[in-house]
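Dear colleague,

I am handing over the structure below, together with an account of what was found in it. Please look through the sequence and the model before reading on.

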Amino acid sequence: MTPRRAHATKRWPAARWAVRALGLLVSLAVVPRDSAAQVASIASSAPILSGVAAWNVSTADTSRSGPNWLSIIVTSGAAQTMPAILDNSINPFPMPVSITTQWNLVSLVTLIDVVGYFAAPSSALVNGGAAIPSSRVEGRMVSGRVPTFTAFTQAPVFGSGSAGGTLHLVRQPVILGWNNRSQRTDQLDLRLNLAGAPALVPGTYTGTLTLRAVAY
């Protein structure tokens, strides 16, 4: 579809999902900056962007009124610890991250895409001058578009994401009168694939994985 220009844009502070690797310890946590962040555009024309990974909001939020809102929420798995990272090995995070996408859209036929991405793919996780690229971070969403572990190396989706640092997680068709006001919950599994990679430099590796939904 060819997007129409939005007539009004309202931007909200972003919450971010942070991934931290501490030498032989890896943890990840949601960093809430605005748990009410919902919509980046409330114009009647596409695209409509969600806020960025709002944190710990009800998965059954029906309080919003009016058309054309879109949100993405991390409901569980936001804080995890990996007890050890093994070089030249696959290192899974201990539990999936539960992601709920909610929407109320009025277009006759709409698509919603959900993406995860690293802003700087060459240094998804950094430790001073050392880095782990996004090609070594893999995600799997069995209910979405990536049923097997796939690296964060894809192109942006409809302008959301970073070149070479994105993973397209979900594509949800929305039809007016059928599922135009609804939600879905998906589980995102993550792992570090260090097979064949040089040994990590000891230290603290910190990065941010952003989750976003876009409707058009």
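**Aromatic pairs and what surrounds them**

Tyrosine 216 is buried, its relative accessible area being 11%. Before going further, please keep in mind that this is a predicted model, and that the pLDDT averages 73 over the protein, with 67% of the residues scoring at least 70. Residues 1–46 have a pLDDT that stays under 50, although the model holds 146 contacts beyond four places in sequence for them. The pLDDT is also below 50 over residues 53–63, a stretch with 31 contacts in the model beyond near neighbours in sequence.

To return to the aromatic rings, the count comes to 2 aromatic pairs. One of them is formed by phenylalanine 118 and phenylalanine 152, which stand edge-to-face, with 5.4 Å from centre to centre and 75° between the planes. This pair links distant parts of the chain, since phenylalanine 118 sits in the loop between E9 and strand E10 (125–127), while phenylalanine 152 sits in the loop between strand E13 (146–151) and E14, 34 residues apart. Phenylalanine 118 is buried at a relative accessible area of 2%, and phenylalanine 152 is buried as well, with a value of 0%.

Phenylalanine 158 and tyrosine 216 form an aromatic pair that is stacked, with 4.1 Å from centre to centre and 5° between the planes. Phenylalanine 158 belongs to the loop between E13 and E14 and tyrosine 216 to the segment after E16, so this pair ties together parts that lie 58 residues apart in sequence.

The C-alpha atoms of glycine 164 and tyrosine 117 are separated by 8.9 Å, although the two residues are 47 residues apart along the chain. When its neighbours within four places in sequence are left aside, glycine 164 is in contact with Pro121, Ser134, Phe152, Thr153, Gln154 and Ala155.

**The nonpolar core and its strands**

The largest nonpolar core has 35 residues, and those with the most contacts inside it are Ile99, Ile112, Met141, Phe152, Leu169, Leu188 and Leu211. The elements giving two or more residues to this core include strand E5 (69–76), strand E8 (97–104), strand E9 (109–117), strand E14 (166–175), strand E15 (181–193) and strand E16 (204–215). The largest share of the core, 5 residues, comes from E16.

Strand E9 is mostly covered, as 7 of its 9 residues are buried. E9 and E14 run antiparallel and are joined by 9 bridges, and leucine 111 has proline 173 in E14 as its bridge partner. E9 and E16 also run antiparallel, joined by 6 bridges, and here aspartate 113 stands opposite valine 214 in E16.

**Two further residues**

Aspartate 186 lies in strand E15. Why does aspartate 186 count as buried? The cut-off for that word is a relative accessible area under 20%, and aspartate 186 counts as buried because its relative accessibility is 2%. The side chains of aspartate 186 and serine 143 are joined by a polar contact of 2.5 Å. With its neighbours within four places in sequence left aside, aspartate 186 is in contact with Val97, Ser98, Ile99, Met141, Ser143 and Val170.

Phenylalanine 149 lies in strand E13 and is partly exposed, with a relative accessible area of 23%. Phenylalanine 149 and arginine 191 are 42 residues apart in sequence, and their C-alpha atoms are 8.3 Å apart in space. Leaving aside the neighbours within four places in sequence, the contacts of phenylalanine 149 are with Glu138, Gly139, Arg140, Asp189, Leu190 and Arg191.

With kind regards

Definitions and conventions:
Residues numbered from 1 in each chain as written. Predicted model: local features only at pLDDT ≥ 70, side-chain atom pairs only at ≥ 80, totals over all residues. Heavy atoms only, no water. Core = buried A, V, L, I, M, F, W, Y, C linked by side-chain atoms within 4.5 Å. Buried < 20%, exposed > 50% of the residue type's maximum accessible area, 1.4 Å probe, protein only. Helix = DSSP H or I, 4+ residues; strand = E, 2+ residues; numbered from the N terminus. Pairing = 2+ DSSP bridges. Phe/Tyr/Trp six-rings, centres within 6.5 Å; stacked < 30°, edge-to-face > 60°. Contact = heavy atoms within 4.5 Å. Polar contact = N/O pair within 3.5 Å; in protein donor to acceptor, adjacent residues only side chain to side chain. pLDDT = per-residue confidence, 0-100.
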